[in-house]
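Please keep the structure open while reading.

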Protein chains: 2
Amino acid sequence: MQTDLQIARAASKRPIADVAKRLGLTYDQILPYGHDKAKITHEALAGLSGPEGRLILVTAINPTPAGEGKTTTTVGLGDALNRIGQRATICIREASLGPNFGMKGGAAGGGRAQIVPMEDMNLHFTGDFHAITSAHNLLAAMIDNHIHWGNALDLDTRRISWRRVMDMNDRALRDVVVGLGGPANGFSRQSGFDITVASEVMAILCLARDLADLQDRLGRIVIGETRDRRPVTARDLKADGAMTVLLKDALQPNLVQTLENNPALVHGGPFANIAHGCNSVIATRAALRLSDYVVTEAGFGADLGAEKFLNIKCRLAGLAPAAVVLVATIRALKMNGGVAKADLGTEDAGAVREGCANLGRHIENIRSFGLPVVVALNHFDGDTEAEIAALQDYCAGQGVQAILARHWAEGGAGAEDLARAVVDLAEGGAQFATLYPDDLPLWDKIETVCTRIHRAGGVEAAPGIREQLAAWEAAGHGRMPVCIAKTQYSFSTDPSLRGAPTGHVIGVREVRLNAGAGFVVAICGQIMTMPGLPRHPAAEVIGLDDKGQVEGLF
Amino acid sequence: MQTDLQIARAASKRPIADVAKRLGLTYDQILPYGHDKAKITHEALAGLSGPEGRLILVTAINPTPAGEGKTTTTVGLGDALNRIGQRATICIREASLGPNFGMKGGAAGGGRAQIVPMEDMNLHFTGDFHAITSAHNLLAAMIDNHIHWGNALDLDTRRISWRRVMDMNDRALRDVVVGLGGPANGFSRQSGFDITVASEVMAILCLARDLADLQDRLGRIVIGETRDRRPVTARDLKADGAMTVLLKDALQPNLVQTLENNPALVHGGPFANIAHGCNSVIATRAALRLSDYVVTEAGFGADLGAEKFLNIKCRLAGLAPAAVVLVATIRALKMNGGVAKADLGTEDAGAVREGCANLGRHIENIRSFGLPVVVALNHFDGDTEAEIAALQDYCAGQGVQAILARHWAEGGAGAEDLARAVVDLAEGGAQFATLYPDDLPLWDKIETVCTRIHRAGGVEAAPGIREQLAAWEAAGHGRMPVCIAKTQYSFSTDPSLRGAPTGHVIGVREVRLNAGAGFVVAICGQIMTMPGLPRHPAAEVIGLDDKGQVEGLF
């Protein structure tokens with residue numbers, strides 16, 4: 001059997017200018033990066049007009065070690081929509097460089113449903129994340145430089161929340177002291193590094209409408225407080241203009257292609273833990289102008305990813321999906337039904353039925369946004385007829401179609417049934433509404449998401465949280481949506497609690513204001529913003545083979 | 001009068017594929033980055049054969065605040081050579097991103113002698129420096145990760161010399177403590193960040209012949225010592241393969257063009273303070289295969305830049321220049337003759353004559369390598385006939401032509417006389433020899449450069465230096481050339497000592513082994529490897545104008 005990498009390398013790629021032409025873009029409207037990648041220029045983006053296509057969100061049940069294949073399904077559905085005569089574009093997020101050197105790395109789909117060039121996308125790609133790193137760290141350098149030269153803004157060096165970033169898994173940088181070595185090196189203070197995808201700059205890039213909006217948002221970033229507790233922004237430090245210059249190319253969406261030569265925009269990658277976790281608004285909007293259908297995905301399971309996609313990205317960008325595809329696998333349903341990973345090879349239709357409780361909860365949640373939903377069963381070779389029937393019976397009982405999709409093995413041809421079901425659903429119309437209005441108080445927004453989506457029996461605030469939220473409301477930030485940061489493995493804050501738990505209590509231990517991105521983060525449980533490398537990092541086996549091709553990255 | 005930026009923006013650029021075609025490269029042999037930048041592929045590089053053109057080195061008198069215009073002259077000479085019927089390619093180094101946000105930024109030439117696209121070249125360009133940052137910091141992360149997971153190599157955490165890098169002027173990162181925060185974050189130790197151009201990875205990229213040589217050199221990097229004082233290399237940590245993967249695209253030289261649409265390879269940028277300071281070997285070699293003439297430059301004045309170019313780059317790469325152009329300006333000669341910057345507007349032929357002592361010293365030095373030399377007088381509007389005559393008289397006395405060159409105002413047309421003189425010199429033949437043989441002991445190499453090039457009366461070693469050098473010789477590193485790190489403003493270690501001082505003593509206070517790059521650094525005086533931002537950084541005024549064009553960067 002061929003590996004994903006072998007399939008990707010054997011791809012018959014078309015010149016990226018041809019892929020652009022299929023979208024109606026001329027060569028002047030793209031900036032090529034090699035022969036198989038390009039950016040769509042700001043000028044071309046500004047000139048897009050005409051009707052928008054339909055937006056399809058692909059999301060999934062809670063993730064398990066068994067794998068669900070959300071990206072694979074996103075790609076397969078996009079290819080299938082093209083096969084049945086729709087002009088469809090895929091929108092997914094970019095991969096983070098650092099983690100590839102820890103565990104074997106993140107491909108862009110799998111099997112016959114992949115986006116290429118896979119190696120470039122998992123390395124530097126078009127340099128967007130490096131630009132974000134530079135912009136973020138320029139602001140950090142300007143903060144310490146401001147203090148060094150006299151601290152005219154009276155920054156409280158104990159209350160600087162802006163850290164530095166690096167696109168690397170490097171635990172030694174989580175907590176550092178900077179400014180050691182004497183007066184020439186500035187004032188010492190404790191700080192640290194996050195991974196680049198966790199930067200607020202990343203979240204901002206993904207929500208910005210255009211360059212002007214980007215600069216506005218960058219200027220609003222709150223980097224810390226003065227001694228008398230007034231917030232200090234990037235604009236106060238005059239950093240917003242230079243940060244925008246560093247990001248001007250990165251804001252242009254990246255065009256690549258699927259194995260079947262259909263267009264894919266791969267752009268942005270906000271950390272799904274503490275940000276909204278979906279690709280950029282600018283790419284999604286461009287794709288909608290250029291296509292009948294846009295297939296996109298949101299990070300983690302539907303309770304985290306779809307919720308943030310709908311309540312944050314769609315709200316802030318004025319987007320409305322036409323339908324939702326909920327991806328499940330028999331294997332993941334069995335794990336949700338209590339089967340251990342080692343036992344997944346054994347047929348167990350009963351466990352599938354048990355695990356469907358998790359699926360059902362997500363179906364209910366998606367419907368609560370007024371959206372039609374279809375279940376995509378991402379087929380694995382070991383799935384048995386009885387197990388598949390168990391899932392289909394369950395879905396029938398919920399009034400939802402469950403479509404067997406074989407895109408992993410067959411490419412777009414294997415997902416044509418799914419594509420037709422999606423078109424039917426989307427044509428039927430949706431009454432999308434976000435879960436809460438802008439003017440609900442911040443704490444009530446948190447409670448609403450935790451009780452109605454995560455089905456908590458109670459939501460508890462650590463001391464000071466409610467006061468902090470009230471202070472932000474008083475400062476004019478009350479209309480922002482909230483971004484719930486919690487484990488992706490469970491509806492609860494206990495990652496081992498699979499299925500459809502109820503009655504659990506969610507504790508909010510910290511809140512953070514992302515004034516530039518435009519949301520308030522509620523942290524429930526531990527959040528890691530700088531990963532570490534494992535005992536035997538993938539970096540030890542990554543290298544070039546005799547032909548100069550990358551080994552060990554996938 | 002138009003600014004450099006206005007001239008650059010008004011350039012009539014040709015599609016980069018056309019520029020490549022002039023070099024005989026097909027579209028498949030380049031990787032476009034936008035419409036005006038490209039990389040030459042590894043495959044194309046491997047296929048280059050046929051005779052090599054002639055290599056012309058452009059260097060200068062000791063730099064002063066008046067400016068000399070070495071890059072401007074490099075570009076003007078390249079354009080002029082093309083005008084007189086030679087196929088000439090320009091090879092210069094890439095600009096560092098970080099410093100552009102401190103002081104107003106580094107252009108690529110000036111006036112009518114520029115390389116474009118200037119803005120991209122001063123921002124992310126094709127991402128080479130970001131790749132170097134990633135590769136450097138991956139090794140750093142793997143070091144701390146190795147220690148965290150048990151330290152099987154028995155690394156002495158007090159003797160780790162490998163720091164981290166960032167392409168940013170950020171003094172707060174010069175000295176830091178990493179690994180704070182408890183067991184999950186690793187072992188605490190003191191370390192720091194250098195600017196990316198100071199990375200040994202940068203020096204290695206610029207000296208590597210191909211990908212295999214790159215990986216060999218990366219593997220040889222010494223990152224520190226074990227508790228029993230044995231050196232530990234990047235290969236011991238199995239980091240060399242992954243670092244090579246991160247650098248595989250960056251090793252491909254970048255093709256851009258001059259205002260007159262002539263080809264320029266802009267590639268690599270090793271710190272001229274503690275490395276060899278010239279563009280990549282791979283770019284220079286490629287250009288030689290593709291052209292009759294290659295015009296390149298070396299950092300700082302000839303005593304530092306040309307010396308390192310000849311004794312390090314040419315030695316390690318087997319290159320031999322055909323002729324040297326020594327750039328001088330009337331203004332800089334007057335400063336070398338004792339005139340203050342504020343008084344440069346006043347005619348002073350006597351000061352020019354005085355300052356020529358500096359010029360004469362460099363002429364002697366260049367000749368000591370067996371190389372023919374011509375002086376290029378980079379013309380400024382205020383230069384008077386008497387001042388120009390003073391320079392020309394001096395040069396005539398030395399048996400050297402001094403050619404008035406007006407490329408800044410007139411482009412290549414203004415440097416045709418210079419181009420013809422260069423062709424004459426180069427056709428006359430050179431007997432290039434490095435200053436010292438490989439098998440001279442390391443200390444003797446240092447002494448040779450300091451006494452014969454910098455004309456020191458004595459060279460003193462700080463305690464332990466000679467023992468360290470002897471230890472490296474015993475470990476097999478004795479055949480390496482030496483890289484003298486000292487002020488660029490004077491032949492001495494006193495930056496205020498202009499002209500042609502003699503009898504000064506040069507003190508070597510530290511030596512560093514760059515086992516991967518392949519040279520030993522002798523540090524004489526203070527060396528800054530991480531700059532800081534000034535009180536009012538350029539970043540405060542950098543931004544986009546209404547048309548989306550960059551303001552404040554130049």
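In this predicted model, α13(A) and α14(A) cross in a right-handed sense. Helix α13 of chain A spans residues 349-367 and helix α14 of chain A residues 385-398; their axes lie 9 Å apart at an angle of about 35 degrees. The crossing of α13(B) and α14(B) is likewise right-handed.

**Helix packing**

- On the α13(A) side, the contact is formed by A:Ala349, A:Val352, A:Arg353, A:Cys356, A:Ala357, A:Leu359, A:Gly360 and A:Arg367.
- The α14(A) side contributes A:Ala386, A:Glu387, A:Ala390, A:Leu391, A:Tyr394, A:Cys395 and A:Gln398.
- Sorted by class, this contact of α13(A) with α14(A) comprises ten nonpolar, two polar and three charged residues.
- In chain B, helix α13 (residues 349-368) and helix α14 (residues 385-398) have axes that come within 9 Å and cross at roughly 35 degrees.
- Residues of α13(B) in this contact include B:Val352, B:Cys356 and B:Leu359, and those of α14(B) include B:Leu391, B:Tyr394 and B:Cys395.
- The contact of α13(B) with α14(B) has ten nonpolar, two polar and three charged residues.

**Nonpolar core**

- The largest nonpolar core contains 318 residues.
- A:Leu359, A:Ile446 and B:Leu359 have the most contacts inside this core.
- Leaving aside residues up to four places away in sequence, A:Leu359 touches A:Ile61, A:Leu326, A:Ala328, A:Leu333, A:Val375, A:Leu391, A:Tyr394 and A:Cys395.
- Among these partners of A:Leu359 are A:Leu391, A:Tyr394 and A:Cys395, which also belong to the α14(A) side of the helix contact.

**Backbone geometry**

- Most peptide bonds are trans, and most residues other than glycine have a negative phi.
- The bond from A:Val116 to A:Pro117 is cis, with omega near 0 degrees, and A:Pro117 sits in the loop between β6 (113-116) and α5 (118-122) of chain A.
- The bond from B:Val116 to B:Pro117 is also cis, with omega near 5 degrees, and B:Pro117 is in the loop between β6 (113-116) and α5 (118-122) of chain B.
- A:Phe300 has a positive phi, near 60 degrees, in the loop between β16 (293-297) and α11 (302-317) of chain A.
- B:Phe300 has a positive phi of about 60 degrees and lies in the loop between β16 (293-297) and α11 (302-317) of chain B.

Terms used:
Residues numbered from 1 in each chain as written. Chains lettered and ligands numbered in written order. Predicted model: local features only at pLDDT ≥ 70, side-chain atom pairs only at ≥ 80, totals over all residues. Heavy atoms only, no water. Core = buried A, V, L, I, M, F, W, Y, C linked by side-chain atoms within 4.5 Å. Buried < 20%, exposed > 50% of the residue type's maximum accessible area, 1.4 Å probe, protein only. Contact = heavy atoms within 4.5 Å. Axes fitted to C-alpha atoms, helices over the stretch in contact; angles between N-to-C directions. Helix = DSSP H or I, 4+ residues; strand = E, 2+ residues; numbered from the N terminus. Left-handed = near helix turned anticlockwise from the far one by under 90°. Nonpolar A, V, L, I, M, F, W, Y, C, P; charged D, E, K, R; others polar.
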